[in-house]
Amino acid sequence: MSGQFYGLIEAAANLTQQGEKGTYTSEMFQEDFPQFVKKVKQEEGMEPEIQCLVPAAMLQVFLQNVNESILPSRYCGMWRYAAGLYVAHFSTLYLKTYSDGSVSAAQAATKGQQAGLVSEAAMGDTSIKYDNTAVMAAQAKWGSWNSTQYGQQLITMARMIGMGGMYIV
């Protein structure tokens, strides 16, 4: 069989190219998702400094992961947006638990506590009940991707472009 035939088999089987990676950068993320940056005022007449709200080390982890997970060959023209959704999702999860520091271990642990939808609330003696069934049901299929709107959008895109492998005889 010719090499060209093997290439057709790989394309039909939806295989990725060995070593393929994306090239999504922090600059792209900050441009595509400005809600994750703040403008710090400078002296009069100077442009404001742009700072990412996600710590640089964590953003780098998310960028490395997205470039190994969301491949341009799968997402084609939607790749940049899909990569941005991936980084925005993990940035949101990270920032939900972010704190400059905690006074105690209990305070630190509280930041990571799962919260559901408020099912009951009272005023006298303050009482709030949460319904975690929706959170747990969502976790069963797509895990934490249902925890943010960015993740939900990425799931929708993945379903649109997702194609199972084919068996070629």
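Start by selecting Pro48, which sits in the loop between strand 1 (37–40) and strand 2 (49–52). This is a predicted model, in which local features need pLDDT of at least 70 and side-chain atom pairs count only at pLDDT 80 or more, while totals for chains, interfaces and linings use all residues. Residues are numbered from 1 along each chain as its sequence is written, and side-chain values use heavy atoms, with hydrogens and water left out. Helices (H or I, at least four residues) and strands (E, at least two) are DSSP runs numbered from the N terminus.

Pro48 has 36% relative accessibility and therefore counts as partly exposed; buried means under 20% relative accessible area, exposed over 50%, and partly exposed in between (1.4 Å probe, protein chains only). Show its contacts (heavy atoms within 4.5 Å): beyond neighbours within four places in sequence, Pro48 touches Lys39, Val40 and Gln42. A C-alpha to C-alpha line from Pro48 to Lys38, 10 residues apart along the chain, spans 9.3 Å.

Next, select Tyr24 and Trp79. Their ring centres are 6.1 Å apart and their planes stand at 85°, so the pair is edge-to-face. Rings of Phe, Tyr and Trp (its six-membered ring) pair if their centres lie within 6.5 Å; planes under 30 degrees apart count as stacked, over 60 as edge-to-face and the rest as tilted. Tyr24 lies in the loop between helix 1 (3–12) and helix 2 (26–32), and Trp79 in helix 5 (residues 79–96), so the pair links distant parts of the chain, 55 residues apart. Both Tyr24 and Trp79 are buried. The model has 12 aromatic pairs by this rule. For a cluster linked by ring pairs, select Phe62, Tyr86, Phe90, Tyr94, Tyr98 and Trp145.

Of its 22 residues, Tyr24, Phe29, Phe33, Ile70 and Val87 touch the most other members. Helix 2, helix 3 (56–69), helix 5 and helix 8 (149–161) each supply at least two residues, with helix 5 giving the most, seven. Centre on Ile70: leaving aside neighbours within four places in sequence, Ile70 is in contact with Tyr75, Trp79, Ala82, Ala83, Tyr86 and Leu154.

Finish at Thr148, in the loop between helix 7 (133–142) and helix 8. Thr148 counts as buried because its relative accessibility is 5%. Its contacts outside four places in sequence are His89, Thr92 and Leu93. The side chains of Thr148 and His89 make a polar contact at 2.6 Å. Such a contact is a pair of N or O atoms within 3.5 Å; within protein, one must be able to donate a hydrogen and the other to accept it, and residues adjacent in sequence count only if both atoms are side-chain atoms.

How values were computed
A nonpolar core is a set of buried Ala, Val, Leu, Ile, Met, Phe, Trp, Tyr and Cys residues joined through side-chain atoms within 4.5 Å.
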